[in-house]
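Biologist: I would like to learn how to read a few features of a structure. Please take them one at a time, with the general idea before the case.

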Amino acid sequence: MKSLTIDDMKSLELDIMDEIDQVCREHGLAYFLGYGSLLGAVRHKGFIPWDDDMDILMPRKDYETFLANFQEWRHSNYYEVSFCRFKNSVHPFVKVIDKRTSVSERFIREEFKTGIWVDVFPLDDIPANKKQVFRKHVWLTLKRDLSLSDPHDGTTKVAMLAKRVLVPFARHIDPVHSAILIDENAAHCTKTPSDSYIEIVSMGDPNLELPKRWFKPTYAPFEDRRYCIPSDAEAYLSHIYGDWKTPPPADQRLKHTVEACFLD
């Protein structure tokens, strides 16, 4: 197996994004760069220099259409959807992966690793019973995370000790089933017609409502490509990050770097 550098991983993620962008253009689906990918697009015209992660957002209707048809609409068999509903993922949101690769993630047990990916998160309308939906989300996510955790790894000694106590009690929990429950909690809760989106499966914060007026599609440079971003990207970034225009000090720059390789 050939190890992949950070630049290799970024290049593969851009290839996945090209596939997603082409499918969405051809079939009239909306998507938007989100989180750090949008921050990178606006502040750096590409990846955040110390990051190697790509995230996009899709309104729920487009998300479900994309999910149902990607295998038929894709242009290369290198790519597939990894998702809990297909029983090939422990995540409650879509990952479009490159099947030729394998990634080892810290804090996640080896049997649940996947290929290089781009994350796709649904934008939902506001739930009628928002607080109840988010309380359930937090509880289900905690159970899933404990079932996935490696008790021998942690960011602090306290975290490792807590894992060693709690993780054995969570081993009976099926993380795929837990992810399905998280997905169902977001997808099937009663939505109210509203002027805002909310990100149930990704943020888990009932107060982070995102006005739909921010999400008129517009294309912006990203590395040597152009991808879709929200029309009011600055408002979105300020809502999520506060002062996003000032890069953090070097010692506070969170890195998503993982070990990855090409499969033989």
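Biologist: Is Cys24 buried or exposed?

Modeller: This is a predicted model, in which local features need pLDDT of at least 70, side-chain atom pairs count only at pLDDT 80 or more, and totals for chains, interfaces and linings use all residues. Residues are numbered from 1 along each chain as its sequence is written, and side-chain values use heavy atoms, with hydrogens and water left out. Buried means under 20% relative accessible area, exposed over 50%, and partly exposed in between, with a 1.4 Å probe and protein chains only. Cys24 has a relative accessible area of 2%, so Cys24 is buried.

Biologist: How many disulfides does the structure hold?

Modeller: A disulfide is a covalent bond between the sulfur atoms of two cysteines. The cut-off here is a pair of cysteine sulfur atoms within 2.5 Å. A search of the whole structure finds 0 disulfides. For Cys24, the nearest cysteine sulfur belongs to Cys228 and is 8.8 Å away.

Biologist: How do I read an aromatic pair, and what kind do Phe47 and Phe222 form?

Modeller: A pair of aromatic rings is described by the distance of the centres and the angle of the planes. Rings of Phe, Tyr and Trp (its six-membered ring) pair if their centres lie within 6.5 Å; planes under 30 degrees apart count as stacked, over 60 as edge-to-face and the rest as tilted. The structure holds 11 aromatic pairs. Phe47 and Phe222 have ring centres 5.2 Å apart and planes at 70°, so this pair is edge-to-face. Phe47 lies in the loop between α2 (35-44) and β3 (55-59) and Phe222 in strand β10, so the pair ties together parts that are 175 residues apart in sequence. Helices (H or I, at least four residues) and strands (E, at least two) are DSSP runs, numbered from the N terminus. Phe47 is buried at 7% relative accessibility, and Phe222 at 0%.

Biologist: Which strand pairs with β10?

Modeller: Two strands pair if DSSP finds at least two bridges between them. Strand β10 (residues 217-222) pairs with β11 (residues 225-230) in the antiparallel sense over 6 bridges. Phe222 has Arg225 as its bridge partner in β11. The two strands form a hairpin with 2 residues between them, and Glu223 in the turn has a positive phi of about 55°.

Biologist: Where does the charged end of Arg100 sit?

Modeller: A charge sits over a ring if NZ of Lys or CZ of Arg is within 6 Å of the ring centre and within 35 degrees of the ring normal. The charged end of Arg100 is over the ring of Tyr78, 3.8 Å from its centre.
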